[in-house]
Amino acid sequence: MTITTNTPVDGRHAWRAADSESDNSVLSGLRVLDLSRVLAGPYAAQILADHGAEVIKVEAPSGDETRGWGPPFVDSGASTAYYQNLNHSKENVCLDLRTDEGKEILGNLISGADIVIENFKANTMTRWGFDYETVLAKANPRLIYCRITGFGVDGPMGGLPGYDAVLQSFGGLMSVNGYPDGNPLRIGVPIVDIVAANLAVQGILLAALERERSGVGQMVDMTLLDAVISILHPHAANWIESGKVPQRTGDFHPTVAPYQVFAAKDGDFFVSAANDRQFHSLVGVLGLPELSTDPRFDTNALRYAHRAELVAILSEKIAEYERNDLGLRLEAAGVAASPVNTVDEALQSEQARHRGLFIETDSYRGVGVPVSLSRSTHREPRRAVARGADTVAVLAAMGYDADRIHALDRAGILG
């Protein structure tokens with residue numbers, strides 16, 4: 001079914017439906033089309049939205065699958081906490097991109113965008129007629145196009161799907177996480193996706209900075225493989241220099257001692273004494289000054305070589321202290337240490353609230369914006385909206401008349 005109209009359509013006007021910032025947010029006025037789903041792409045777009053960019057997220061009629069990744073479910077089961085934490089402060093348009101009409105609307109949206117973010121299966125956009133090099137860059141030379149894939153689109157693994165846990169495994173990260181006598185462990189957050197999102201934002205901002213000089217956009221080619229390899233420090237460097245394959249060390253640091261979790265009287269407690277001064281301060285606070293002159297523990301290299309003996313001595317002493325009291329004493333002495341907080345304890349800590357990292361207002365309860373600038377403000381987060389909540393407003397702003405929007409809706413193009 002093809003629906004036609006004589007109404008002029010201009011994608012540049014789509015963002016008039018969005019909440020343009022009137023303050024001095026750094027990215028105010030920048031138009032971002034978020035075609036991504038799940039984590040890395042949506043999180044990258046959300047970071048840009050937090051700093052003032054006007055972001056329109058396009059969802060399929062089936063919705064971003066993270067809307068079903070619960071519990072906990074929110075909005076009467078229409079969404080989840082998982083989705084909400086990756087898609088706040090965006091407009092939302094629902095389009096069936098399997099249809100010609102859906103692709104036509106997508107083309108109009110792209111024509112007005114400064115930045116496009118997508119993480120479709122490799123070459124999906126090309127099949128739809130939106131290849132960056134041959135189509136989009138020629139139509140809009142200033143466009144910055146961010147493509148996020150698992151392994152890239154070429155090479156021996158080009159085009160293969162990538163998921164966070166798969167890349168933790170393939171990229172070596174899982175092999176160094178866990179205890180020596182246990183199985184390799186997945187890190188408890190989707191760290192590869194999160195790092196990929198932040199690297200994608202870096203790439204986008206670098207491209208935007210270069211565009212100011214050249215007047216021309218470019219592709220940001222981000223892969224989850226890039227992300228996981230980038231965070232293998234110090235294990236990759238250690239192998240490159242020594243030839244020894246890094247092994248799992250549990251909560252021990254692979255090169256520093258002591259740097260691990262101990263059992264205090266009332267719970268788990270982390271201690272880092274990464275240099276000689278900190279070690280001397282640590283044993284002084286613990287009432288073990290004789291360790292400062294013990295030849296087994298004179299330097300970090302010696303402390304690491306005699307780690308088992310050192311940990312046994314420290315463990316017995318730390319078990320006598322309550323963790324909050326010991327934490328205050330060690331911090332006052334310049335030793336990095338902390339109780340091992342649960343997530344709720346971390347979010348509700350006075351310092352996290354002071355930094356605006358956990359926000360509770362009438363309109364928003366969630367994680368805050370983690371980047372603060374001295375002169376420029378950031379957008380106050382607002383809750384993610386329902387799938388397709390802004391479809392009509394965005395299409396109307398582009399010039400689609402009411403009759404055509406109604407026809408598109410009846411045809412199922414708008415979900």
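Does V371 count as buried, partly exposed or exposed? With a relative accessibility of 41%, V371 counts as partly exposed, because that class lies between under 20% for buried and over 50% for exposed. The model is predicted, and the points below are grouped by topic.

**Surface patch**

- V371 belongs to a nonpolar surface patch together with V26 and L373.
- The accessible area of V26, V371 and L373 together is about 240 Å².
- In the chain, V371 is placed in the loop that runs between strand 13 (365-367) and helix 16 (391-398).

- Three strands make up an open sheet in the order 9-10-11, and their pairing is antiparallel.
- The edges are held by strand 9 (259-264) and strand 11 (336-339); each has a single partner strand, so one side of each is left without a neighbour in the sheet.
- On average, and with direction ignored, neighbouring strands of this sheet are turned by 20° against each other.
- In general, the strands of a sheet pair through backbone hydrogen bonds, in either a parallel or an antiparallel manner.
- Four bridges link strand 10 (residues 267-272) to strand 11 in the antiparallel sense.
- S272 has A336 of strand 11 opposite.
- Helix 12 (residues 307-318) lies across strand 9 and strand 10, and the helix runs at about 40° to strand 9.

**Salt bridges**

- The whole structure contains 19 salt bridges.
- K57 and D64 form one of them, with 3.2 Å between the closest N and O atoms.
- K57 counts as buried because its relative accessibility is 1%, and D64 is likewise buried, with a relative accessible area of 3%.
- E320 and K317 are joined through their side chains in a salt bridge, at 3.6 Å from N to O.
- E320 is partly exposed at 46% relative accessibility, and K317 is partly exposed with a relative accessible area of 22%.
- R365 forms a salt bridge with E360, where the closest N and O atoms are 2.7 Å apart.
- R365 is exposed, with a relative accessible area of 58%, whereas E360 is partly exposed at 42%.

Methods:
Residues are numbered from 1 along each chain as its sequence is written. This is a predicted model: local features need pLDDT of at least 70, side-chain atom pairs count only at pLDDT 80 or more; totals for chains, interfaces and linings use all residues. Side-chain values use heavy atoms; hydrogens and water are left out. Patches are made of residues with over 30% relative accessible area and no salt bridge: like charges are joined within 9 Å, nonpolar side chains (Val, Leu, Ile, Met, Phe, Trp, Tyr) within 5 Å. Accessible areas come from the Shrake-Rupley method with a 1.4 Å probe; for residues, only the protein chains shown count as cover. A salt bridge is a side-chain nitrogen of Lys or Arg within 4 Å of a carboxyl oxygen of Asp or Glu. Helices (H or I, at least four residues) and strands (E, at least two) are DSSP runs, numbered from the N terminus. Buried means under 20% relative accessible area, exposed over 50%, partly exposed in between (1.4 Å probe, protein chains only). Two strands pair if DSSP finds at least two bridges between them. Axes are lines fitted to C-alpha atoms, for helices over the stretch in contact, and angles run from 0 to 180 degrees between N-to-C directions. Contact means heavy atoms within 4.5 Å.
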